[in-house]
There are 6 protein chains.
Amino acid sequence: MPGVQFARSHLFMAAREGKGPGVVIFGAPLDVTTSFRPGTRMGPRAIRDYSWALETYSLDMGRDLEKVVFYDAGDLDLAPGEIEGALSAIRHASAAVLAAGGIPLMLGGEHLSTLGAVEAVFERHQSLAVVHLDAHADMRLHYMGQKLSHAGVMRQVSALVGRENVFSVGVRSASSDEIEYAASPEANFRPGSLRHLGDVAQEVRERPVYLTIDMDVVDPAYAPGTGAPEPGGPAASELLEALLSLEGSNIVAADVMEVAPPYDPSGITALLAAKVVRQLIMLMAPGE
Amino acid sequence: MPGVQFARSHLFMAAREGKGPGVVIFGAPLDVTTSFRPGTRMGPRAIRDYSWALETYSLDMGRDLEKVVFYDAGDLDLAPGEIEGALSAIRHASAAVLAAGGIPLMLGGEHLSTLGAVEAVFERHQSLAVVHLDAHADMRLHYMGQKLSHAGVMRQVSALVGRENVFSVGVRSASSDEIEYAASPEANFRPGSLRHLGDVAQEVRERPVYLTIDMDVVDPAYAPGTGAPEPGGPAASELLEALLSLEGSNIVAADVMEVAPPYDPSGITALLAAKVVRQLIMLMAPGE
Amino acid sequence: MPGVQFARSHLFMAAREGKGPGVVIFGAPLDVTTSFRPGTRMGPRAIRDYSWALETYSLDMGRDLEKVVFYDAGDLDLAPGEIEGALSAIRHASAAVLAAGGIPLMLGGEHLSTLGAVEAVFERHQSLAVVHLDAHADMRLHYMGQKLSHAGVMRQVSALVGRENVFSVGVRSASSDEIEYAASPEANFRPGSLRHLGDVAQEVRERPVYLTIDMDVVDPAYAPGTGAPEPGGPAASELLEALLSLEGSNIVAADVMEVAPPYDPSGITALLAAKVVRQLIMLMAPGE
Amino acid sequence: MPGVQFARSHLFMAAREGKGPGVVIFGAPLDVTTSFRPGTRMGPRAIRDYSWALETYSLDMGRDLEKVVFYDAGDLDLAPGEIEGALSAIRHASAAVLAAGGIPLMLGGEHLSTLGAVEAVFERHQSLAVVHLDAHADMRLHYMGQKLSHAGVMRQVSALVGRENVFSVGVRSASSDEIEYAASPEANFRPGSLRHLGDVAQEVRERPVYLTIDMDVVDPAYAPGTGAPEPGGPAASELLEALLSLEGSNIVAADVMEVAPPYDPSGITALLAAKVVRQLIMLMAPGE
Amino acid sequence: MPGVQFARSHLFMAAREGKGPGVVIFGAPLDVTTSFRPGTRMGPRAIRDYSWALETYSLDMGRDLEKVVFYDAGDLDLAPGEIEGALSAIRHASAAVLAAGGIPLMLGGEHLSTLGAVEAVFERHQSLAVVHLDAHADMRLHYMGQKLSHAGVMRQVSALVGRENVFSVGVRSASSDEIEYAASPEANFRPGSLRHLGDVAQEVRERPVYLTIDMDVVDPAYAPGTGAPEPGGPAASELLEALLSLEGSNIVAADVMEVAPPYDPSGITALLAAKVVRQLIMLMAPGE
Amino acid sequence: MPGVQFARSHLFMAAREGKGPGVVIFGAPLDVTTSFRPGTRMGPRAIRDYSWALETYSLDMGRDLEKVVFYDAGDLDLAPGEIEGALSAIRHASAAVLAAGGIPLMLGGEHLSTLGAVEAVFERHQSLAVVHLDAHADMRLHYMGQKLSHAGVMRQVSALVGRENVFSVGVRSASSDEIEYAASPEANFRPGSLRHLGDVAQEVRERPVYLTIDMDVVDPAYAPGTGAPEPGGPAASELLEALLSLEGSNIVAADVMEVAPPYDPSGITALLAAKVVRQLIMLMAPGE
């Protein structure tokens, strides 16, 4: 309509609608195997909503999202209660973005979604390193009899890309079985401080990287709205600072997962996730 | 992306994006003069979100939204704290819809927005009748020194279209000054029961109608999330039933106003508003 | 400060601060024996806050609070966990209001407070009738070993003023022991519909009346924020309408009790209570 | 411990722990196919929690739960994201209760659970009538490609017991396909008012009855915390009154479903569900 | 009333009502240009409410509020939607306090209010230094076409008192335009750590200081209830510690802004603001 | 029921029901003298609910709760509004656990409960050291005229076991009178950092220890749901780390107090409390 301006609030701030050759955001509102409390289906939408509370300019990176070309393709339309179909849709969407020369940036949604995306990326990048920020190891072989669940997604990813190619940082919760698997000599398991991300960044500098961030990696005070918050984690500022160490890495795909808005009336979880997404776009987008 | 389905959840369910010759939804997230509690800026978005919890088929009207051609143009981009500019944008948007042969259906947003829309409609329809469902008279000449406010919007509308052409139904709260004005002999003031809407529908049957619904017309139990809920009103079922009496009326524009999501964590206000919007689309859309 | 206007939002709207010869509001934020869920200590404050969302004019009574002289004395300062001291403070405050020719209107706070107020009023008015609107009989002799509790307040009141002088209306929940006591032939127990209030009003027309309203008398949909909501009650409109039947009664003191804000984020309980208080002031205040 | 009393708050009030020959409550915290918003997994627990706000005595039935022998077996331990296994566990639990001469009373949990319970009951009672109170028809053949979902549970039940043996009361929302199926001549579809339950009760008086109650049958004002609230329904008091018409029916199993606590901070949904459960126990339990 | 004690909970704890020669608290419930989410109008009241959860004694300052003479004048009565009038009222109130030898301590309310207060203070103190703690630069020349907005308040203040006299500490969010302005050589822009406040305190020791604190300066985990929370900030303890470095400064006026209670059901934002206010009173009040 | 698995969610995860010779958890839902805001009665239940979000394995202790024998005896059944009776029940329960060779681990409930438990423990262990983690000194002689209150519990404990045997760590709020008492030379008052716990652990290594943890010892960001949150405290990770310094101590009884769920919709307070309880069980339980 001439002379009338409409808001673009259904997109991540400053994004173009659809997909293209740069970073392409899409939402995977999966919410099926969440074991403690559900609501991750509302995560992608909340992240976009809260992005509008942020500046497009990043003070610590000195870059402006307004000068970056990137896209928001919207949310996948997933059938409720369906796991295999959802993973397949995620795989297809990721592959389509890659095929068009794009860089997939998935918003979650439960962490299991990462499996679908990694499958698509691994097909293109056989030397893939998966960098994993999470409070939980997510390395269970089974969870209550299920192989496909948020609690075992990194076990499946490890089986696919090789245990030695998964770099878990920030883990502070695991079962004893998981520890046995995750902390084996051939694995790259760096529990505790997020400062280990700097070392990992060095190690994988020459390789294509899939970066997966479970928002529960920070303390529940900073991200109360996740499916399984784990007390005793780092501050949001530590996460944001750690991400800066990835500057110069070759991140070919990424995701920001497990935002569960119903348990966070103040919205600070989605807000932090939105800031993380903003930083990731700048890290991944080709230079201006 | 081929083989991948994306959700259309930023639109009112079953709507086409943009505008066209049928009903055209647009949001007016005005939230400036709310006197008791703010948050109406989040109303339009919430109504769309909750529309997806409803069926496209209406059991009591026997019609299906899937078979109606209508549009969702998105939300106007209004500057915070700005009244005149917002009213002008609303007037322009309404006029643009009308010019294209469309029927504007505005989602609010505070009730003051109605003034802008009525201005545009009245220019085209000089015999306009304004049908007004509300718990409050909204007939103040001034409110704390302000002429333009949600508390006086129907006074402004009355001044524009003529007091005798405003039909207020459901009012249960007013100042004594307002009563003096609203209940004057030449006015059409029907406080109390929503059943008066049937009589009004008869009276205005031959005329073009602007229908404005302040969601606080129902009891706060049914719509806790409004700017100024007023205890002692009718049930949601009474509102939905009353709307059926408008079948056959010539509604040339309508609005659904004052949804303030922050005070309604269960979302039932936006949900009821969404159902009202669904019914209005069916009432206003040309026959299949 | 000259030229600067300050809000009076800590008072019930339109009230004068302090006390005087008309209706005198005071808060009794008692919150000790609440058995299911606490929070009634925040009731009086919330009622005042929400009063500002209402008009001073009452459409169905045709009167304006602005033309009524009444006072707000503030909240009693009660020690946490202390019952006897609180009842004594309430008795003293009520007596002081009465001594000054005023009409006490207490805001609760848990229902047990009513005992203190009735004691003061009964001392002055030996022919007192107590009219009691409540979802619960509140007639327990003991509750978990305690004689003084919200669950037995009307038993204590009955013991004081005589069982035949307590008129309970609207009760829909009781223990079998209570029913035996409350529904005895000499008692005036009118469970179920609020329409019985009209009959009661007739019966007590010649007598001084203490009116006590437990806000849980309406359905939890209309008053979710009470200590012990009881499903299956009347609508807010039925309560407001029933109150009109008291026009002409000689209400010498009243209270509005059991508002528990923490369980009602939308505030509709306190809002309804505020409207009830507004109506009571008009019912009790001497004619203009 | 001698001299120390422990609360039994993890059970429905007045229940004995475990199972036995009378009514046996058990929870089915299924929460997988919820399409709009999740959280039904927390339903059974919330119903028990809120039961303690009620009296054991029912004023309108004149009976006391303290004099009824009934049991609470706890919640089934269901794997997250697993449908078939959950339905099987529900079938087994129901069958086990029946085998021991008990009457299963399931607390939900999403409505799909009803299929498992009906399967077990139908095996024992081939002349079973299923009485279904719900705002939605739940008669979809598929929902987003899924046969097993809350949106199609009554279609599956109809296929099992025969369409003519399912009596749906209170429906006010359906797709056009569902209406075609549900409202066919051989079906017993009574949309709208809950008063039709009286007629249904007459019709099925001689038969064993499975009674399934989706809590969204009442208006969202009375039950905001359900997976898919539908505006425009009856009051809680109408549901409670309608249930009285089942006095004398031969209810051999029942369920109370779709309580989703995260969207109802005031807890009135679970509270109403608890009162419904209390009434059902009295309706189903053998005379004292 | 003799023998009856009333609470003083509408005042900041330990304050005298009205105004006088010491610190004078007043609320400026402005809430018009809030761009992301509104609710700051409820800030001043919430700060007072939560003050009562604190001790009057400050362990780290070794002083007791009970021994400080200070006042609480209440909240300005601002018309909804009106900016100029509000700024004028704030200017007048601040000037009146100063004229009476008092020290204004304003509770917000949106940050734009600071402009009115600084205008009054600057008129008296031409050598004024404005110390500004904030997550955002608030240095926009225009915000969506508006010059007067929370997003540009410090730009207006800078224009008034001189850019070199504004000391911004703690900023972590800004637009690129703002950075250009705020970080110019003649400006005193200290983004990042709150520890820079110590240096600033040294620099301005000899000058009259206006101290403005936007509560969003701390991480959203510590202050979720603000209009525009910004992830990645310092802890509350860092803010409280930084304030100690102002001991001995000549603070002639101060404000604590942007508390937006609707988004913080736990109230920790208002609680922290109340503690900051308590510390400020001790910093500003003349020695005992 | 054969083939059907039931959840044990009413117990702390991995606990056996009842009591026995190891650690015995029991809840003391006291909620009477809470002065600022109530709700601690719901604390014990919430801690158990949230325990299920945690792993049984502790990564930083290298131990698994699955391999520890411990019990959950449920919640004491306390009469509302009754203090003396509650303290007596707590004393009896603690004594019963001790008599059976168990180690009491009480879940609160308001802090006053600690007095009852310490009385029982002190009777057995005359050389008892009480280690006290809290934001408040809790050393008031009277609080609004009451001797028995949460605000004075450690004063009563000090009077019982000797002031020199109470080691308060983490205090950041006190009245001036309390400071005079608590910080006297013979006392062991270590305000501020939780790192002092290491020194205390050294000092009391040879003695039987009662460990009482008021959850408000951490910053409100990490535990918003307590009766009296105090801004400016340490992070959850600092508390968890400090607890590790107690490894090897002879803790003969412990408690985790003041969890008030109504003010923490995200549940992170109860979640952190559950993790603290898990760590305490491992610290106190006899070696595997």
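Predicted model: local features only at pLDDT ≥ 70, side-chain atom pairs only at ≥ 80, totals over all residues.
Biologist: Start with chain A. What order do the strands of the open sheet take?

Modeller: The order is E1-E5-E2-E6-E11-E10-E7-E8-E9, nine strands with parallel pairing.

Biologist: Which strands are the edge strands?

Modeller: Strand E1 (16–17) and strand E9 (188–190) of chain A. Each of them pairs on one side only.

Biologist: And how many bridges join E7 to E10 in chain A?

Modeller: Five, between residues 129–133 of strand E7 and residues 208–214 of strand E10. The two run parallel. In E10(A), Thr212(A) is the bridge partner of His132(A).

Biologist: What does Arg190(A) touch?

Modeller: Leaving out residues up to four places away in sequence, Arg190(A) touches Phe167(A), Ser168(A), Val169(A), Gly170(A), Val171(A), His196(A), Asp199(A), Val200(A) and Glu203(A). Take Val171(A): 19 residues from Arg190(A) in sequence, and 7.3 Å away in space, C-alpha to C-alpha.

Biologist: Switch to chain B. How many residues of strand E11 are buried?

Modeller: Seven of eight, so strand E11 (residues 250–257) of chain B is mostly covered.

Biologist: Which strands pair with E11(B), and over how many bridges?

Modeller: Strand E6 (residues 103–108) of chain B is joined to E11(B) by three bridges, running parallel. There, Met106(B) stands opposite Asp255(B). Strand E10 (residues 208–214) of chain B pairs with E11(B) over seven bridges, also in the parallel sense. One partner pair there is Pro208(B) with Asn250(B).

Biologist: Helices now. At what angle do H7 and H8 of chain C pack?

Modeller: About 10 degrees, with their axes 10 Å apart. Angles under 35 degrees count as roughly parallel, and H7(C) and H8(C) are therefore roughly parallel to each other.

Biologist: Which residues meet there?

Modeller: From H7(C), Ala236(C), Leu239(C), Leu240(C), Leu243(C) and Leu244(C). From H8(C), Leu272(C), Lys275(C), Val276(C), Gln279(C) and Leu283(C). By class, that contact has eight nonpolar, one polar and one charged residues.

Biologist: What about H1 in chain E? How many of its residues are buried?

Modeller: Eight of the nine residues in helix H1 (residues 43–51) are buried, so the helix is mostly covered. The buried residues are Gly43(E), Pro44(E), Arg45(E), Ala46(E), Ile47(E), Arg48(E), Tyr50(E) and Ser51(E).

Biologist: What do those buried residues pack against?

Modeller: Helix H1 (43–51) of chain C is one partner. Within chain E, the partners are strands E2 (23–28), E5 (70–75), E6 (103–108) and E11 (250–257), together with helix H8 (268–284).

Biologist: Which rotation superposes chain A on chain D?

Modeller: A rotation of 180 degrees, with 0.0 Å of shift along its axis and an RMSD of 0.0 Å. That is the relation of a two-fold axis. Also, 100% of the interface residues of chain A are interface residues in chain D too, so the copies meet through the same surface.

Biologist: How far apart are chain A and chain C?

Modeller: Their nearest C-alpha atoms are 11 Å apart, and the chains do not touch. Chain D and chain E do not touch either, with nearest C-alpha atoms 11 Å apart.

Biologist: Backbone check. Which peptide bonds are cis in chains C and E?

Modeller: Among them, Gly108(C) to Gly109(C), with omega about 10 degrees, and Gly108(E) to Gly109(E), with omega near 5 degrees. Gly109(C) lies in the loop between strand E6 (103–108) and helix H3 (113–124) of chain C. Gly109(E) lies in the loop between E6 and helix H3 (113–124) of chain E.

Biologist: And what is phi of Asp138(D)?

Modeller: Near 55 degrees, a positive value in a residue other than glycine. Most residues other than glycine have a negative phi. Asp138(D) is in the loop between strand E7 (129–133) and helix H4 (153–161) of chain D, and is buried at 6% relative accessible area.

Biologist: What about Asp138(E)?

Modeller: Phi of Asp138(E) is near 55 degrees. Asp138(E) is in the loop between strand E7 (129–133) and helix H4 (153–161) of chain E. Asp138(E) is buried, with a relative accessible area of 5%.

Methods. Residues numbered from 1 in each chain as written. Chains lettered and ligands numbered in written order. Heavy atoms only, no water. Pairing = 2+ DSSP bridges. Helix = DSSP H or I, 4+ residues; strand = E, 2+ residues; numbered from the N terminus. Least-squares fit on C-alpha atoms with pLDDT ≥ 70 in both. Contact = heavy atoms within 4.5 Å. Buried < 20%, exposed > 50% of the residue type's maximum accessible area, 1.4 Å probe, protein only. Axes fitted to C-alpha atoms, helices over the stretch in contact; angles between N-to-C directions. Parallel < 35°, antiparallel > 145°, perpendicular 65-115°, else oblique. Nonpolar A, V, L, I, M, F, W, Y, C, P; charged D, E, K, R; others polar.
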